[in-house]
Amino acid sequence: MVPTNYYLALSAILFGLGVVAFVFKRNIITIFMSIELMLNAVNLAFVAFSQALGKLDGQVFVLFVIVVAAAEAAVGLGIIILIARNRQSLNVERVNLLKF
Amino acid sequence: MFPLREDFLRVLPELVFCAGGTLLMFLQPFVRSRQAFSSLALLASAAATLSAGFAALTPGTAFGGLIRADGFSFFFHLLIGLVVFLVVLGSSSYLERERLAPAEFYALVLFAAAGMGVLASAQELLTAFIGLEMSSISSYILAGYRRDAIKSSESAMKYFLLGSFATAFFLYGIALVYGKTGTTVLTQMGSADVSDTVLKLGLALILVGLGFKVAAAPFQVWTPDVYEGAPTPVTALFSAGPKAAAFALLLRIFVMVPAATQLWFWAFWLLAVLTMFTGNLGALVQSNVKRMLAYSSIAHAGYLLVAFAARSEIGVAAILFYLLAYALAKLGAFTVVGHLGGGGEKHLDLEDYAGLAQRQPFAAAALSVFLLSLLGLPVTAGFFGKFYIFKAALHSHLIWLAVLMGLNSVIGAYYYLRLIVVMYMREPREEAACAPFPAAVSMVLTICVLGTLYFGLFPNHVISFALSPGLFGR
């Protein structure tokens, strides 16, 4: 059996990759994908902990997270379409009307 | 394990908010009148506020310890109900002026309020997460509600991206805490080992996630942009509602989990100082009034964090009172700004407020009261808010924090008084004619002014309530 720590390490790496992609990517859709990656890294951590603790509730949490992520995706993609219509571009560097 | 009748009573405000929102969306295709929608939304928010009383009559936990109805959640339900009521009342003329669809707007406001209610009474981290997302997802849509305005859609995008980023941190924190303690129920975390690295990391990530939501520096970057771009009634809602709810959750975790009480102290100290300075120094250089108020709300989050760092009962009481005083003042100020902005929100510059006292004496007087309350002058509620935070900080021997807060209040005085001076001492510009205030907006302003003055003269009711030993139902 694969030890729990391996799963946790993988989850941390995936989460870190998500953070890095969020910071460095310029396309809104890619940024959005990196957030999804972070959420799924969390799901992996929940399942791994749930297995290690011998409790089922961690796996139930994952279902909740998936549902919420789906709702978020629906709204997020709507907002992205709005931006694309208004600006004809999905590059975050051009979305800069509001600046310090 | 079938839920009891009491369980439903304890979430009654949320049920009423959701029922109101759903009903609005059902009626939307059949009803033409704007008046009907706003009346229904007003009714729903008033009913939800009242039903918070029913929830408070049967204190205790619900749904197997996920939700807790106590004095603390009662206070926040009242606050959220009041905020939503005033936002709905003040936004009808705005929606009409900007030609925005009313039914969906009110429905989203009510759904967001339900999420805030869940946040205020959640006793379990995943329930809190659901509440946070209910309020956030509705807020993302509301921020972009002026669909044709580029600024508004930009604001929605920034809020959405940074908000979901923060949510992911919050969730990862929950996962780590769950992995170490084997539970997500706050009351069962008493025995958690404070020296454990994973637990420390988990609590730190939860703090980062909530820090984003309350706009604490260095996680505040989204705030000015989102507040400026969003429709002004929505900005009023953001600055008062979700912020209070996120502070409520932060406070509940901080008080109930001993590990958090120990580990978060220095984090709060540092966040408080950073947040106060970023907010106040940022506000100094703004010429756009809406953006200035956005920076000032960052500064106020800093003052609240000072009370967190005090770690005492008087600190908790100060937070509750300050949130109330702040909500009234901010809500009123943004309502004035929203109305004076005119069609398309074009008149937001400091220059547009020149001579407002001659053109609109009532609006200028009301705005001055709100600004003075934000500044913390006596006779306004903001004075006692700041006073109790100072008292809490000195009581816990946080002398430096109190000194830095005093310094920040002085910086704050500059930009609040500058606006008042512009309104009263300068001649009005020729073209700046402005429509008179509709009755509903005047009513909102009157309620906010009276509330600010009332709590500025008689703060004792709220303070003694917040100091009562049964606040967290123990």
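Me: What percentage of the 100 residues in chain A is buried?
Reply: Happy to start there, bearing in mind that this is a predicted model. A residue counts as buried if 20 or more other C-beta atoms lie within 10 Å of its own. Of the 100 residues in chain A, the buried ones make up 29%.

Me: Which elements does chain A run through from the N terminus on?
Reply: Chain A has three helices and zero strands. Read from the N terminus, the order is therefore simply α-α-α.

Me: Which element of chain B gives the most to the side that touches chain A?
Reply: The contact brings together 29 residues of chain B and 30 residues of chain A. On the chain B side, two or more residues come from each of α6 (125-143), α7 (150-181) and α9 (222-229). By class, that side has 16 nonpolar, seven polar and six charged residues. With 17 residues, the element that gives the most is α7(B).

Me: Are α13(B) and α18(B) roughly parallel or roughly antiparallel to each other?
Reply: Good one to work through: helix α13 (residues 313-340) and helix α18 (residues 439-457) of chain B pack at an angle of about 150°, their axes 9 Å apart. Angles over 145 degrees count as roughly antiparallel. The two helices α13(B) and α18(B) are therefore roughly antiparallel.

Me: How many nonpolar residues does the contact of α13(B) with α18(B) have?
Reply: The crossing of these two helices, α13(B) and α18(B), is left-handed. From α13(B), the residues that meet α18(B) include B:Leu324, B:Leu328 and B:Val336, while B:Val444, B:Leu445 and B:Phe455 are among those on the α18(B) side. The contact of α13(B) with α18(B) has no charged residues and five polar ones, and its nonpolar residues number 12.

Me: Which way do α10(B) and α12(B) lie, roughly parallel or roughly antiparallel?
Reply: Helix α10 (residues 232-256) and helix α12 (residues 289-310) of chain B have axes 12 Å apart and an angle of about 15°. Since angles under 35 degrees count as roughly parallel, α10(B) and α12(B) are therefore roughly parallel.

Me: How many charged residues are in the contact of α10(B) with α12(B)?
Reply: α10(B) passes α12(B) in a right-handed crossing. Among the residues that meet are B:Phe247 and B:Phe254 in α10(B), and B:Lys290 and B:Leu304 in α12(B). By class, the contact of α10(B) with α12(B) has four nonpolar residues, four polar and, for charged, one.

Key: Residues are numbered from 1 along each chain as its sequence is written. Chains are lettered from A and ligands numbered from 1 in the order in which they are written. This is a predicted model: local features need pLDDT of at least 70, side-chain atom pairs count only at pLDDT 80 or more; totals for chains, interfaces and linings use all residues. Helices (H or I, at least four residues) and strands (E, at least two) are DSSP runs, numbered from the N terminus. A residue is buried if 20 or more other C-beta atoms lie within 10 Å of its own, exposed if 12 or fewer, and partly exposed in between; C-beta atoms are placed from the backbone. Axes are lines fitted to C-alpha atoms, for helices over the stretch in contact, and angles run from 0 to 180 degrees between N-to-C directions. Angles under 35 degrees count as roughly parallel, over 145 as roughly antiparallel, 65 to 115 as roughly perpendicular and the rest as oblique. A crossing is left-handed if the near helix is turned anticlockwise from the far one by less than a right angle, and right-handed if clockwise. Two residues are in contact if their C-beta atoms, placed from the backbone, lie within 7 Å. Ala, Val, Leu, Ile, Met, Phe, Trp, Tyr, Cys and Pro count as nonpolar, Asp, Glu, Lys and Arg as charged, and the others, Gly among them, as polar.
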